[in-house]
Amino acid sequence: MKNDKPSIMRPVSLPSSASHPVVTPLSPSVVYASETPDMLDQQYDGDLHGYTYSREGHPNADVLAGRIDLMENAPCGGIVTSSGMAAVSAVLLGLTQAGDHVIGGNQLYGRSLRLMSDDLPRLGIATSMVDPGDVEAVRAALRPETKIILVEVVSNPTLRVADITGLAALARETGVLLVLDNTFTTPRAFKAFDAGADIVIHSITKLLAGHSDVMLGYVAAKDQDIADRMRAFVVTTGMTPSPFDCWLAERGLLSFELRFDRAQSTAARLSDHLAGLKGVHRVIYPSREDHPDQARAAALLNGQFCNMVSFEINGGRTAANAFTRAAQGLNFAPTLGDVGTTISHPASSSHRALSAQKRAELGMSEGFFRISVGLEDPDVLCAVFSDAVAASQG
Ligand SMILES: *Cc1c(COP(=O)(O)O)cnc(C)c1O
């Protein structure tokens, strides 16, 4: 291509093509050039849409957010953040001030709990952790200065189901914002805004992106003013995602529903398989008759019981070590939602900070495992678990 301008000049556009690409183009540009100061004025005044600086927003984040907005029936455009925890922080730090009070579920994701127990109090924001399955306990924790109730629909790792209907009614009655972290349940199983959420959070890192190769979050609000406040906080504190991560997540999202359905049907089957194995004394899966919240799960989740299964083997830590060693081809890794099945052991990871006594109260012994079921052949997966459980029992 002939170019008689000095080589330092940057090209201003891609070569033109009458046909268009079928894949969203990746736009890594940090800055966007406007034509004139007048044009820039119009952009900043909101009269003309145009990107300026990628911390403020970029096309790949907007395309990804738009896809998740559709899945969640989000009334205002959602915000993609650099991690799920950035999304949690955008809510808890971006919408509160000293003197406020926040209520959180007592089995939230570990770092969300940490934000509640350490960081908010340091900034003068009081917190209470309450069982989200017990609306009366949440009501009792309310104070005149309570601004937010943050819960997950299905708790980690004991898979208890929150009383979302009761909490939504309580939030409406009192004007407190109900924030639902929909990471485990996903919009496939649970439409959080339709169920009464004021704000919805995702760790895109998990099931939505689904391949353990990208870390991102999402947050959307029902109210435009609240969405604007969170967006300003995200931009100011630099929680904006990278274009390439958004591009990868969009690619993952395209197969999300297929992956979810497959993982979920395997999870249901694996839970029944595990319950029949010698050495397994408890299996937790929300569609099972012996699950304490089975009726609530059936009503809330519309027959979608997700891809997470927890179970407990006899024999304590010795058996637990033998189990993970024998679980051929399965990653013992503290994440969820990957295409491959992963196993986590709360006593040595997510819940290691708790005393053995406290873990026992929550129902997590040394033999307790949480499985994030992936896309393997279900027959093969069941056989791997049979062998590993047998090996663990010596
Ligand atoms: C993983 C997770 C988060 C945090 O997301 P990151 O992307 O890891 O920062 C928040 N909530 C839930 C329920 C999670 O599983």
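# Asking how we know: a walk through the structure

Visitor: How many salt bridges does the count come to?

Guide: The count comes to 16 salt bridges, with the rule that a side-chain nitrogen of Lys or Arg lies within 4 Å of a carboxyl oxygen of Asp or Glu. Keep in mind that this is a predicted model.

Visitor: Why is the pair of Arg-188 and Asp-261 called a salt bridge?

Guide: Let's set the value against the rule. The N to O distance between the two side chains is 2.6 Å, and the cut-off is 4 Å, so the pair qualifies. Arg-188 belongs to helix α7 (residues 186-189) and Asp-261 to helix α10 (residues 256-275), so this pair ties together parts that are 73 residues apart in sequence.

Visitor: What makes Lys-222 and Asp-198 a salt bridge?

Guide: Their side chains meet at 3.5 Å, N to O, and this is within 4 Å, so the name applies. Lys-222 sits in the loop between β7 (217-221) and α8 (224-236), while Asp-198 sits in the loop between α7 and β6 (199-203), so parts 24 residues apart in sequence are tied together. Lys-222 has 41% relative accessibility and counts as partly exposed, whereas Asp-198 has 16% and counts as buried.

Visitor: Which strands hold Glu-312 and Arg-282?

Guide: First, the pair itself: the side chains of Glu-312 and Arg-282 meet in a salt bridge at 2.9 Å, N to O. Glu-312 lies in strand β9 (residues 308-313) and Arg-282 in strand β8 (residues 280-284), so the bridge ties together parts 30 residues apart in sequence. Glu-312 has a relative accessible area of 7%, under the 20% limit, so it is buried. Arg-282, at 31%, counts as partly exposed.

Visitor: Which residues do salt bridges join into one network?

Guide: Glu-136, Arg-139 and Glu-173 are joined, through salt bridges that share partners.

Visitor: What makes strand β2 mostly covered?

Guide: In β2 (residues 101-105), five of its five residues are buried. Both faces are covered: His-101, Ile-103 and Gly-105 lie on one side, and Val-102 and Gly-104 on the other. In general, side chains in a regular strand alternate between the two faces of the sheet.

Visitor: How do you know that β2 pairs with β3 and with β4?

Guide: Two strands pair if there are at least two bridges between them. Five bridges join β2 to strand β3 (residues 126-130), and the two run parallel. One example is Gly-104, whose bridge partner in β3 is Met-129. On the way from β2 to β3 the chain crosses through helix α4 (residues 110-122), and this β-α-β crossover is right-handed. Four bridges join β2 to strand β4 (residues 146-152), also running parallel, with Ile-103 standing opposite Ile-149.

Visitor: Why do β8 and β10 stand at the edges?

Guide: The open sheet has five strands in the order β8-β9-β12-β11-β10, with mixed pairing. β8 and β10 (331-332) each have a single partner strand, so one side of each is left without a neighbour in the sheet. Further in, β9 and strand β12 (residues 368-372) pair in the antiparallel sense over five bridges, and Ser-310 has Arg-370 as its bridge partner in β12.

Visitor: What is the phi of Leu-159?

Guide: Phi of Leu-159 is near 60°, a positive value in a residue other than glycine. Leu-159 lies in the loop between β4 and α6, and at 1% relative accessibility it is under 20%, so it counts as buried. Pro-157 has its place in the loop between β4 and α6, and the peptide bond from Asn-156 to Pro-157 is cis, with omega near 0°.

Note on methods
Residues numbered from 1 in each chain as written. Predicted model: local features only at pLDDT ≥ 70, side-chain atom pairs only at ≥ 80, totals over all residues. Heavy atoms only, no water. Buried < 20%, exposed > 50% of the residue type's maximum accessible area, 1.4 Å probe, protein only. Right-handed = clockwise from strand over helix to strand, strands pointing away.
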